[in-house]
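Dear colleague,

Please find the structure below, together with its sequence. My notes on what was found in it follow.

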Amino acid sequence: MDLNTLNTIEKVKKLIKESNNIVFFGGAGVSTASGVPDFRSATGLYNQKNDTGFSPEYMLSHEFFEKHPDLFYDYLKENLMIDGVKPNNAHIALKKLEDEGKLKGIITQNIDGLHTLAGSKNVVEIHGNIKDYYCTKCKRKYNTDYIKQFKHQPFCEDDKEIVRPDVVLYGEKLKDENVEKAIDLISNCDILIVGGTSLVVYPAAGMIRFYNSNKLILINKEKTSMDKKANYVINDDIAKVLPEIAGY
């Protein structure tokens, strides 16, 4: 780390030590140290070639799920249903901050469920969770073990209709309940830490505009369009930085 980054980290550590009203807003970069691929980096899912003839973004859309459920599930199982993934130091640092009463909530764009697996309690998964599934007709709930029994798309035991993941696909709107929870957390916090996200996915990224204070901390390997608006910017791996600024 260069001297400017080290100085910023020391300032942020002091802020966190003095605050009991912190909210974290995170994206794919939080989970890459756990072996979960991100989407938009050079090695991310969106830049990996596949032999279907369709773009990864389209394959994760509501329209594609409706038209090609077999290919949708093939892609999902190969790229997003990853076995043996565990929380990394970033997830653990956030859990410790919550245990101390300093962190009031986590808002995540990720669908891997790792914050909950790490033990964090107040987690808003604005894009859903890849571990949860439900029947498109009767809404009966299923888990990943049930989904893996099928070679391609899974069907409900009760009415034989297709089962889908409880995630927000491209072309679908966020759940109002999750949006309200996220905005409430952001608009009422003292410190907002934004980490591991390129901030290009809307409407999720737009939630940051509801932050009303002057302690916006942005942690991301790459520069983002929000860097100039943040009060503190650290361009480094969040799995290294979060434990450091949290004092662990």
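I begin with a cysteine. At 1% relative accessibility, cysteine 156 counts as buried. Its sulfur lies 3.7 Å from the closest cysteine sulfur, in cysteine 138, which is too far for a bond. Please bear in mind throughout that this is a predicted model.

Cysteine 138 itself is in no disulfide either, and its nearest cysteine sulfur, that of cysteine 135, is 3.7 Å away. With a relative accessibility of 37%, cysteine 138 counts as partly exposed.

Three strands form an open sheet in the order 5-4-6, with antiparallel pairing. Strand 5 (141-143) and strand 6 (163-167) are the edge strands, each pairing on one side only. On average, neighbouring strands of this sheet are turned by 40 degrees against each other, direction ignored.

Strand 4 (residues 128-135) is joined to strand 6 by five bridges in the antiparallel sense. Along this pairing, asparagine 129 stands opposite aspartate 166 of strand 6, and tyrosine 134 has arginine 164 of strand 6 as its bridge partner. Although strand 6 is an edge strand, it is mostly covered, with four of its five residues buried. Helix 4 (residues 69-79) lies across strand 4 and strand 6 and runs at about 50 degrees to strand 6.

The parallel strands

Strand 7 (residues 191-195) and strand 8 run parallel and are joined by four bridges. Isoleucine 193 has isoleucine 217 of strand 8 as its bridge partner. Strand 8 also pairs with strand 9 (residues 232-234), again in the parallel sense, over three bridges; here leucine 218 stands opposite valine 233 of strand 9.

In a regular strand, side chains alternate between the two faces of the sheet. Strand 8 (residues 216-219) is covered on both faces: Leu216 and Leu218 are buried on one side, and Ile217 and Ile219 are buried on the other.

In soluble globular proteins, nonpolar side chains tend to be buried together. The largest nonpolar core here has 24 residues, and those touching the most other members are Ile16, Phe24, Leu103, Ile193, Ile219, Leu242 and Ile245. At least two residues of this core come from each of helix 1, strand 1, helix 5 (89-99), strand 2 (103-108), strand 7, strand 8 and helix 9 (238-246). Helix 9 supplies the largest share, five residues.

Leaving aside residues up to four places away in sequence, isoleucine 16 touches Ile22, Leu97, Lys102, Ile191, Ile193 and Ile245. A second, separate core has 23 residues, including Phe72, Tyr75, Ile130 and Val163.

A buried serine

Is serine 19 buried or exposed? Its relative accessibility is 2%, so serine 19 counts as buried. This residue is found in the loop between helix 1 (3-18) and strand 1 (22-26). Beyond the residues up to four places away in sequence, serine 19 touches Lys102, Asp190 and Ile191. Lys102 and Ile191 are also among the residues that isoleucine 16 touches.

With kind regards

Note on methods: Residues are numbered from 1 along each chain as its sequence is written. This is a predicted model: local features need pLDDT of at least 70, side-chain atom pairs count only at pLDDT 80 or more; totals for chains, interfaces and linings use all residues. Side-chain values use heavy atoms; hydrogens and water are left out. Buried means under 20% relative accessible area, exposed over 50%, partly exposed in between (1.4 Å probe, protein chains only). Contact means heavy atoms within 4.5 Å. Two strands pair if DSSP finds at least two bridges between them. Axes are lines fitted to C-alpha atoms, for helices over the stretch in contact, and angles run from 0 to 180 degrees between N-to-C directions. A disulfide is a pair of cysteine sulfur atoms within 2.5 Å. A nonpolar core is a set of buried Ala, Val, Leu, Ile, Met, Phe, Trp, Tyr and Cys residues joined through side-chain atoms within 4.5 Å.
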